[in-house]
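Subject: The structure I promised you

Hi,

Here is the model we talked about, ready for you to open in your viewer. Have a look around first, then read on for what turned up.

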Amino acid sequence: MRVAVIGAGIGGLCTAIGLQRAGAHVTVYERAPILSPIGSGLSIFPNGSTALRALGLGDPFASITADSAAHLRAGQRKPDGTWLATIPPEAVNGLRVVHRADLHRVLVDALNPGTLQLGISATTAGAEGTPRVELEGGDVASVEADLVVAADGINSAVRRSWPADPGLRYSGYSSWRGVTSRPVDLLGAAGETWGTGLRFGMAPLRDGRVYWFGVASMPADDRIPDEFAAVRRLFEHWHDPIPALLDATDPAAVFRHPINDLAKPLPTFHRGGVVLLGDAAHAMTPDLGQGANQAMEDAATLAALLAPLAADSAPDPGTVDHALSEYDRLRRARTQPIARRARGVGALAHVKGRLGVGVRNAVLRLTPASALGRQATAVQQWAPPATEVAPRIGDGSRWPAR
Ligand SMILES: Cc1cc2nc3c(=O)[nH]c(=O)nc-3n(C[C@H](O)[C@H](O)[C@H](O)COP(=O)(O)OP(=O)(O)OC[C@H]3O[C@@H](n4cnc5c(N)ncnc54)[C@H](O)[C@@H]3O)c2cc1C
């Protein structure tokens with residue numbers, strides 16, 4: 001089976017690995033000319049870890065992470081450090097925080113040599129779902145495939161070419177993200193601190209450095225001459241160790257992103273021989289830390305459903321279509337309620353006005369820890385469809401040219 005994957009983000013790479021290990025001939029087209037080691041932290045929950053294990057990536061993933069978050073008190077605090085809510089340990093025990101660059105590296109390393117074509121922008125021929133990619137930046141103009149996986153992110157050109165594309169909507173808040181350049185003592189706690197229209201979160205990486213994010217209600221296109229100075233002004237008087245985290249961060253490595261999600265759930269992730277995957281299919285706000293976890297689940301699901309066909313050089317189109325319809329059914333049912341919930345959590349965190357914040361804080365204080373734990377673990381429970389993709393001997397080859 002010939003598979004063209006558009007986009008070498010977490011979703012595209014996981015999909016390529018899963019289908020390649022099942023025997024498919026996979027090419028990944030990535031428009032960036034180089035894969036630079038940028039990015040900050042990423043929370044991977046037990047559902048994401050399950051997906052990575054199903055894709056045969058359990059060991060490489062374990063090598064870049066640790067259970068450091070599991071030993072810390074987690075929940076929501078006020079800017080003065082008073083706890084509003086504590087999440088029970090069983091809801092955070094399985095959380096693993098990684099540096100995005102590390103995750104990217106282990107995913108690229110797991111591809112067969114020659115899979116990844118950098119500096120090539122790809123899209124599909126149109127709305128009809130013909131599995132052909134149009135290419136810009138390489139030697140050929142178009143490539144036929146049995147399947148095109150559009151993992152081209154939140155601004156997916158493939159999704160925008162579909163008639164049902166709902167477009168994006170701005171959440172009302174934007175986020176700065178950073179990683180300290182040296183270890184910082186988290187003083188026994190992690191999680192989020194909620195103020196008025198402001199939020200700060202922190203989580204430990206394996207080596208003691210800390211991934212942090214600051215979030216502020218603001219117009220999407222706010223022009224800020226010095227982003228790091230703005231973060232300092234907003235958060236440097238908040239509880240410890242927030243000032244120490246900012247002191248330990250290189251200002252040049254702090255970036256702001258407007259937080260968007262899909263304006264409405266898509267009616268389908270599947271048209272003919274083309275499927276949408278990851279943020280292209282279900283861009284959600286990061287308020288549950290599930291976007292990449294869901295992209296991994298998508299990849300593991302698609303790989304499992306196509307595993308019986310992947311090694312076939314001329315797969316029956318009807319059987320492929322059946323598998324893709326099942327992918328569509330399973331993944332819309334799973335991801336769209338999570339996207340809705342993520343949006344709801346963001347709205348609660350950024351509720352406007354003193355009265356609203358007072359009510360929000362009271363609700364958090366009064367919600368039993370067991371209920372918060374049940375809510376968190378409900379999302380974390382997931383298993384791929386029955387046919388898992390076992391790594392095949394000889395597929396451990398490394399991608400040398402980076
Ligand atoms: C502030 C913030 C914090 C987050 N925190 C978390 C978290 O803790 N946990 C979590 O699970 N998720 C988190 N997320 C969400 C997560 O980052 C995304 O869901 C995830 O990266 C989506 O992966 P993807 O592969 O679908 O898309 P992307 O990572 O966006 O990858 C898309 C790729 O496609 C390429 N591309 C685009 N167009 C083309 C084209 N035409 N041709 C070729 N290539 C193309 C792009 O260059 C890119 O490499 C967070 C998001 C934000 C904004």
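Which strands does helix α11 lie across, and at about what angle does it run to β12? Helix α11 covers residues 317–349, and it lies across β12 (168–179), β13, β14 and β16. Its angle to β12 is about 75 degrees. Before we go further, keep in mind that this is a predicted model.

The strands under α11 belong to an open sheet of 7 strands, in the order β5-β4-β13-β14-β15-β12-β16, and the pairing is mixed. At the edges you'll find β5 and β16 (255–262). Each of those has a single partner strand, so one side of each is left without a neighbour in the sheet. Going from one strand to the next, the twist averages 20 degrees.

- With β13 (residues 189–194), β4 runs parallel, and 5 bridges join the two. Arg 73 has Ala 189 in β13 as its bridge partner.
- With β5 (residues 83–87), β4 runs antiparallel, and 4 bridges join them. Here Ala 74 has Ile 87 in β5 as its bridge partner.

β4 and β5 also form a hairpin with 5 residues between the strands. Click on Gly 81 there: this glycine takes a positive phi near 100 degrees.

Further along the sheet, β14 (residues 198–204) and β15 (residues 210–217) pair in the antiparallel sense over 7 bridges.

**Inside the protein**

In soluble globular proteins, nonpolar side chains tend to be buried together. In this model, the largest nonpolar core has 71 residues. Val 3, Leu 103, Leu 147 and Leu 306 are the ones with the most contacts inside that core. The helix that gives the most to this core is α10, with 10 residues. Apart from it lies another core, made of 22 residues, among them Ala 190, Phe 228, Phe 235 and Val 254.

What does Val 3 touch, if we leave aside its neighbours within four places in sequence? Val 3 is in contact with Leu 19, Ala 24, His 25, Val 26, Thr 27, Leu 147 and Val 149.

Leu 107 lies in α5 (residues 100–109). With a relative accessible area of 1%, Leu 107 is buried; the cut-off for that word is under 20%. Leaving aside neighbours within four places in sequence, Leu 107 is in contact with Ile 10, Leu 13, Cys 14, Ile 17 and Leu 57.

Not counting residues up to four places away in sequence, Gly 11 touches Ala 151, Leu 277, Ala 295 and Ala 299. Gly 11 and Val 149 are 138 residues apart in sequence, but 9.7 Å apart in space, C-alpha to C-alpha.

**A pair of helices**

Last stop: α2 (residues 46–54) and α10 (residues 291–310). They pack at an angle of about 30 degrees, with their axes 8 Å apart, and their crossing is left-handed. On the α2 side, the contact is made by Asn 47, Gly 48, Ala 51, Leu 52 and Ala 54. On the α10 side, Asn 293, Gln 294, Met 296, Glu 297 and Ala 300 take part. Sorted by type, the residues of this contact divide into 5 nonpolar, 4 polar and 1 charged.

How values were computed: Residues are numbered from 1 along each chain as its sequence is written. This is a predicted model: local features need pLDDT of at least 70, side-chain atom pairs count only at pLDDT 80 or more; totals for chains, interfaces and linings use all residues. Side-chain values use heavy atoms; hydrogens and water are left out. Axes are lines fitted to C-alpha atoms, for helices over the stretch in contact, and angles run from 0 to 180 degrees between N-to-C directions. A crossing is left-handed if the near helix is turned anticlockwise from the far one by less than a right angle, and right-handed if clockwise. Contact means heavy atoms within 4.5 Å. Ala, Val, Leu, Ile, Met, Phe, Trp, Tyr, Cys and Pro count as nonpolar, Asp, Glu, Lys and Arg as charged, and the others, Gly among them, as polar. Two strands pair if DSSP finds at least two bridges between them. A nonpolar core is a set of buried Ala, Val, Leu, Ile, Met, Phe, Trp, Tyr and Cys residues joined through side-chain atoms within 4.5 Å. Buried means under 20% relative accessible area, exposed over 50%, partly exposed in between (1.4 Å probe, protein chains only).
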